[in-house]
Amino acid sequence: MTDYRLFGLWKNPFEHHLLDAHIERSVDIELAAIFEEIRRGGRKKAVISLGGSEGYGKTETLQILEAKANKEGIFSIFSDARDISIIRDKIVKRPKILKLKSKKDASLEKVIVSAMNKHKPSLLLLDNLQMPEQNIVNSIFDELESGMVVFSCSKCEARDFPLLELPPLTDEEAVLIVEKRLALFRYSQNMNSLYPFTRGFICKLNQDVGGKPGSLITRLDSILKDAIEKKVLRIQELM
């Protein structure tokens with residue numbers, strides 16, 4: 001078993017996906033503001049396409065929206081749109097949400113809209129939506145009474161919808177992510193917040209991975225394990 005106590009850690013902070021280590025970015029703030037406007041009655045509904053290159057954090061952005069919705073008691077549906085049919089199963093498993101016995105032959109769009117309109121305002125979050133599936137969004141949005149639809153796509157082709165583009169991580173954002181992850185698994189707080197890394201190292205690594213959060217975490221996982229094996233006390237150069 002790898003012993004991370006060498007770095008004041010009880011576990012490797014970079015081995016797993018952690019929503020708790022998410023840092024709020026401009027896109028998070030903008031999406032939250034749009035939905036809050038809907039909740040307050042300033043607008044009835046909205047649909048947003050979430051763009052950006054692969055690895056820029058689109059999936060995590062949607063997962064954060066879902067987690068906040070669940071915490072606040074807001075009805076939400078999150079699904080990987082590469083198998084969009086599973087949404088029906090997700091809704092069926094919520095018997096108090098929608099009675100589907102009389103709707104067995106209903107289209108997927110109608111099933112989704114019925115569930116969302118029963119608990120408005122609501123959220124529909126679709127990850128990896130491709131063409132021509134983006135046409136489904138038009139059908140849902142037309143019948144939606146109050147709520148927000150957000151779908152992610154690497155190449156968003158739906159020109160009718162506003163596009164929020166996820167930018168690469170800035171060096172400062174990369175540093176914040178690393179600090180937050182380290183803090184979650186640090187058993188000794190009397191250490192530099194970035195130890196065993198340096199700020200310069202993190203900035204250089206972020207530039208090397210093109211500002212992609214997923215790639216940054218994957219590289220740090222590998223580098224930390226290598227440092228433990230070699231008993232390197234301060235990680236200052238790419239390994």
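Reply: The lining of the second largest pocket divides into six nonpolar residues, no polar ones and four charged ones. Here Ala, Val, Leu, Ile, Met, Phe, Trp, Tyr, Cys and Pro count as nonpolar, Asp, Glu, Lys and Arg as charged, and the others, Gly among them, as polar. The model is predicted: local features need pLDDT of at least 70, side-chain atom pairs count only at pLDDT 80 or more, and totals for chains, interfaces and linings use all residues. Numbering runs from 1 along each chain as its sequence is written, and side-chain values use heavy atoms, with hydrogens and water left out.

The lining consists of Ala32, Phe35, Glu36, Arg39, Leu65, Lys68, Ala69, Glu72, Ile74 and Leu123. A pocket is an open set of points on a 1 Å grid over the protein atoms alone, where a 1.4 Å probe fits, with protein on both sides within 12 Å along at least five of seven lines; lining residues have an atom within 4 Å of a point. Helix H1 (26–39) and H2 each supply at least two of the lining residues, and the largest share, four residues, comes from H1. Helices are DSSP runs (H or I, at least four residues), numbered from the N terminus.

The space in this pocket is about 160 Å³, a volume being the space filled by probe spheres set on the grid points, which are joined across faces, edges and corners.

H2 (58–71) also contributes to the lining of the largest pocket, where its five residues are the largest share. That pocket has a volume of about 590 Å³.
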